[in-house]
Structures are given as C-alpha cells and as structure tokens.
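Here is a friendly look at how two parts of one chain meet. Please have the model open as you read.

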Amino acid sequence: MTKQVKTALLIPTYNAGALWSEVLKSVMAQTLTPERKVIVDSGSSDNTVRLAAEYGFEVITIPKAEFNHGATRQLLVDRVEGVDVCVFLTQDAILADPMSLRNIVNIFETDDQVGIAYGRQLPHKGSKTLETHARLYNYPPVSEVLSIKDKEKLGFRIFFCSNSFSAYRRSALMSVSGFPSDSIMGEDAIVAAKLLQAGQKKAYVANATVRHSHTYTLGQEFRRYFDTRVFHEQNIWLLNDFGKAGGEGLKFVKSEIGYVMKHDKLSIFKSIASVFAKWMGYNSGRFYKRLPVSVVTKLSMHGFYWK
C-alpha cells in the first residue's frame, strides 16, 4: 500500500561553484516538490547563498570552523521536524532526471521497513576515463533492497552508501541517534550499518539518478584514502561486526584496468599511479594516531576536521 510522505531536501554548502546553478535548476525541474528545501552554509563568499534563496531555499548559516560532516547534516535534520523523509544532496550533484526525487522517495512510501536509500551516481558529462569507470562500477543499473540477512553474502559492502544523493526516514534516523559527529567521514555508512542492525532495510534506487563525479589528482587520491583508513580505524566496530573489505579493492583495480584497456589505453599510466597513491594513502592512515596533528592535517583531505 502506498502512503504519501512529507519530504525535505537538504544540502550542506560552501562556495558551491560553477555547478551550483545547474543543481538548483535540476531541483526546480523535479516532478516532486519537497515540503521544505534547506541549505546550511559554512560561510560562502560567492553567490551560493543568494542563488539558494532565489530558488526558494531556506538558509541556515554557520561559521566555517563549525562544519562537520555528521553534525552539520544533523543540524539540517533537526530543523525539519514534521517531515517524514530527509533527502540529502551535495552541492555538486545534479539531479539527472525529473523523476529522481520522486523515485527515491517512492521506496519509503511502498516499503515501511526501508530506513535509508541512496541513488545512482552517473559521471558528469565530459568526465575522464577513471572517474567514469568509478561511477559505473559502484553504481550499477539494477536496484536492490538489503536487510541484515544479506550480511553473510555481502560483508563489509552491505552498508555502502553515499550522501551525495541519499534519503533517510527521519524517524528511523533519529532512532539510531542521528548522524555521528565524531567520525572524519562516512556518516552515511555508519547510519546505514546501525539501521541494518536495528532491523531496517537499506535500498539502492537505480532509477533515482544524479550526475556526480570527480577527477582527482594523485595527491588528492592519497589524501582520500588516508582519510578512509582513519575512518576505518575510528569505527573498528564496523569491521568487527560486518567483516573486512575482503578483496574488494583488488576487484575494483581489475575492473578499472579492463575498462581502461578497452576505452582509453593511454590512461593506464594514470590508473597504475592512482592505485599506488591510494595504497600509500590507505596504509599511511593506519598510523594517524602516532603522527603530529600538524602532519595529519597535511596528509588529510579533511583538514578542517583536525582542529
């Protein structure tokens, strides 16, 4: 039985950049109009706040120093009492279809056991080979709904999620104490794991699409994976309760090399260098507690976290 829900669209922002107007236009093109549209801005100095207000968003402002992936998203959730579903976008994720919001919200209306959902990410138009492969590999065209019963089959992968385009049943999110504020990143994965353990389902909605991808330098790849290891060290309970990644990294590398050799052989050198940078970053992150904060800040992509 379908039950209509009240929806809020929530976006953390900071100097949103060239894609921001496209993001806002894609929101306006949706067939579903959220009851609330809110940004929390961390001190932008460009036109981010002005454009958001022009497109009908409520605006919350906080000092740049107060931004925190989990706490800032929880601030948004706390502001929208009375809605049933909180949909999150990042400021560089363009809704790719007028039905994207409708489709991701629909899963909550048709299955009252779904506590969290995330949509399919497509590469931005004109994306390079490696970023295109990453999106195609991680976001396949087939939807799925998972429960804790799938843990034995999927292990660590069961709580994969992405807040670039995700949605939460507000009551379910609050039942697990909302977003954590003490993790460097991965607040979405932590919530997904807690919801699964609490008996809720996690949905991947492949017909809810956004365009969202990045071309990283080798230095950025190193810092991303340094932070990924920090996230794993901070949340060791995830590994204990769900198991380790179990060769997922190797599967990705094999897939990427195959994709590169088929579509863009010259990118093989970038691919190999990228793999090495990720490996170095991930293994360096293991020792973050032994390093001076001044060094960790330089090795991390989330320098603001180490205040």
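The report below covers the domains and the interface between them.

## Model and domains

This is a predicted model, in which local features need pLDDT of at least 70 and side-chain atom pairs count only at pLDDT 80 or more, while totals for chains, interfaces and linings use all residues. Residues are numbered from 1 along each chain as its sequence is written, and side-chain values use heavy atoms, with hydrogens and water left out.

The chain splits into domain 1 (7-211) and domain 2 (218-305), with bounds from an automatic or database domain assignment. Taken over C-alpha atoms, the centres of the two domains lie 23 Å apart.

## Buried area

Between them, domain 1 and domain 2 bury about 2500 Å² (accessible area, 1.4 Å probe, that two parts lose on being put together, summed over both). Carbon and sulfur atoms account for 71% of that area. On the domain 1 side, Leu130, Phe156 and Ile184 supply 29% of the area buried against domain 2, more than any other three residues.

## Contacts across the interface

In contact (heavy atoms within 4.5 Å) are 27 residues of domain 1 and 31 residues of domain 2.

One salt bridge is found across the interface (a side-chain nitrogen of Lys or Arg within 4 Å of a carboxyl oxygen of Asp or Glu). Glutamate 248 and arginine 157 form a salt bridge, and their closest N and O atoms are 3.2 Å apart.
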